[in-house]
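Subject: Structure for your review

Dear colleague,

Please find below the structure I promised to hand over, together with its sequence. My notes on what was found in it come after.

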Amino acid sequence: MGVSPSFDVRKLEGHRSCVNALAFSSGDGRFLASGGDDLRILLWDFHQDDVKSPSYILRGPKGNIFCLDFSATNRFIYSAGTCERIYKYDIAHLGNSVTPANYSSPDHIFREHTDSIRSITCHPTQDEIFMSASEDGSIIRHDGRQPYRMAVPQDAIQTDNEVTTVQYHPTIEHLFMTSDGAGRGIVQRYNTKLTRKSALRLSNPESSSVTFDREGTKLAVTFLHYLPTIYALSDPNPVAVLSGQNLPDGTSNPPRQRTYTNSCTMKHGAFGGPGLDTDNMYAGGSDDFRAYIWKIPPLAQLTAQRKELSGNEWDTYGTASTIGFTEGRQAPKFVPVEISTPLCRLTGHNSIVNTAAFHPHFLHVVTAGVEKNIFLHSPTPSSPCTQNLQPSPANVRQLSDEDNDEDRSNYLSALLGVRPLTVGDVDEAAERQTLSLFDHILREEGGADVFSQRPWNSPGSSESESEQPDSEEGVDLDAFDPIQPDTFLT
């Protein structure tokens, strides 16, 4: 797909504020659904000759939209976010000439959660079945074929932690994956705890999101304050971490140039491999105003190159800054392969990039974040659904070291919820306010170290090692009907 300077890009304009969620429809990827802080779901039709504007608008949510998903045959779209409700839209007739652009209100609203909903996943074959995960600690399986008057869901898991992700396995329908929550019928728990020889304590970083590849043979975890991490389905220890230590041409990233970090926002990555039989690429957004695409080698190769070290071997391995994964101080240490050279870096954004998605067939990647625009990236200026894309900028906006007067004013206004006073474009003024807010957050939090932010005590460790309580948050592979691991882990 080339390196960053050869990519072309287009702004997809339609939203009025931050865009938090992107999802392509199942199968041919005709529709891209996007949702964010303007409380609207926009549908972009990739069967057009030159997609530039949304074809349909879905209304109804009363709070910021965090997640979207299409059902198995694209009959429904489900949406949720901060308003604690899930909105179901029947879109079976989209594409008919009689369908209005402002298409519809929701066909049904699910009200089982009591806090923000972070994730929705649709059943791989059944349109009416989906799951949701919430900051109230619950994971619920919904079945639209059941009477809506039923007050209590039939399939629900309550955990002690906020749940940030739930996702069905793409081919084994009774399996699903969660992050930051422990369910019943757990068949695999993945090792997400970090150790560093120069750190006195271990770290258990927060899992912002988790995703499967299309075959369900590997998964990627997006960690707060750490790197995207790749796991094989049947292996609890990671096989690779993804960094931006090098430029796409293999040379080292210049010392003063920002690179991949994730310290400030909820991010969602995606596997992809347009035109290929497998998903051998992974895309994710970054705090340095770029999105990154890495090429993922075969799992067997990564597993063979991963280091497994005993305590004595760990003491003499690497440098003081070397990081490994472990279940405890005395447990073996696993050092996954670092894929430090991204395939490409996608530019065009002026602030943090939160989410990325591959089109299932076309050579397109879409990205979005704290800005109101979605960016459509392509290695060619034209395709079956785009014409005359513009070359991507070679560089991104630089983050200054200090707030200026305008930044401070915009930051305080955003913090207090004060709309900008302007005689010009209100949306543009609000966008500048948002950029200033996140610039300030980046200056304050962008360099945070995961070992200071998320310390963790291993069993049997000294109480003096950490003032933080132990936590069992992490990433799990679960089943609603408990099964023995050897029925699928081979």
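The notes below go through strands, the cavity and charged pairs in turn.

This is a predicted model, in which local features need pLDDT of at least 70 and side-chain atom pairs count only at pLDDT 80 or more, whereas totals for chains, interfaces and linings use all residues. Residues are numbered from 1 along each chain as its sequence is written, and side-chain values use heavy atoms, with hydrogens and water left out.

Strands first. Helices (H or I, at least four residues) and strands (E, at least two) are DSSP runs numbered from the N terminus, and two strands are taken to pair if DSSP finds at least two bridges between them. An open sheet is formed by five strands in the order E32-E33-E34-E1-E35, with antiparallel pairing, and its edge strands, E32 (353–358) and E35 (390–391), each pair on one side only. Within this sheet, E1 (residues 8–12) runs antiparallel to E34 (residues 374–378) and is joined to it by five bridges, Phe375 of E34 being the bridge partner of Lys11.

E2 (residues 19–24) and E3 (residues 31–36) also pair in the antiparallel sense, over five bridges, and here Ala21 has Gly35 in E3 as its bridge partner. Their hairpin has six residues between the strands, and Gly27 takes a positive phi near 80° in it. Buried means under 20% relative accessible area, exposed over 50%, and partly exposed in between, with a 1.4 Å probe and protein chains only. Six of the six residues of E2 are buried, so this strand is largely enclosed by the rest of the structure.

Next, the cavity. On a 1 Å grid over the protein atoms alone, a cavity is a set of points where a 1.4 Å probe fits but cannot get out, and lining residues have an atom within 4 Å of a point; grid points are joined across faces, edges and corners, and a volume is the space filled by probe spheres set on the points. The count comes to one cavity of 30 Å³ or more, and the largest cavity holds about 40 Å³ of space. Its lining includes Thr222, Tyr260, Lys267 and His268, and the largest share of that lining, three residues, comes from E25 (residues 281–285).

Finally, the charged pairs. A salt bridge is a side-chain nitrogen of Lys or Arg within 4 Å of a carboxyl oxygen of Asp or Glu, and the structure holds 18 of them. One of these joins the side chains of Asp287 and Lys267 (2.6 Å, N to O); the pair links distant parts of the chain, 20 residues apart, with Asp287 in the loop between E25 and E26 (291–295) and Lys267 in the loop between E23 (240–242) and E24. Asp287 is buried at a relative accessible area of 0%, and Lys267 is buried at 1%. Salt bridges that share partners also join Arg10, Asp50 and Lys52 into one network.

Another salt bridge brings together the side chains of Arg214 and Asp279 (2.7 Å, N to O), and in this case Arg214 is partly exposed, with a relative accessible area of 35%, whereas Asp279 counts as buried at 6% relative accessibility. Arg40 and Asp38 likewise meet through their side chains in a salt bridge (3.4 Å, N to O).

Best regards

Conventions: 1 Å grid on protein atoms, 1.4 Å probe; cavity = no way out; pocket = protein on both sides within 12 Å on 5 of 7 lines; lining within 4 Å.
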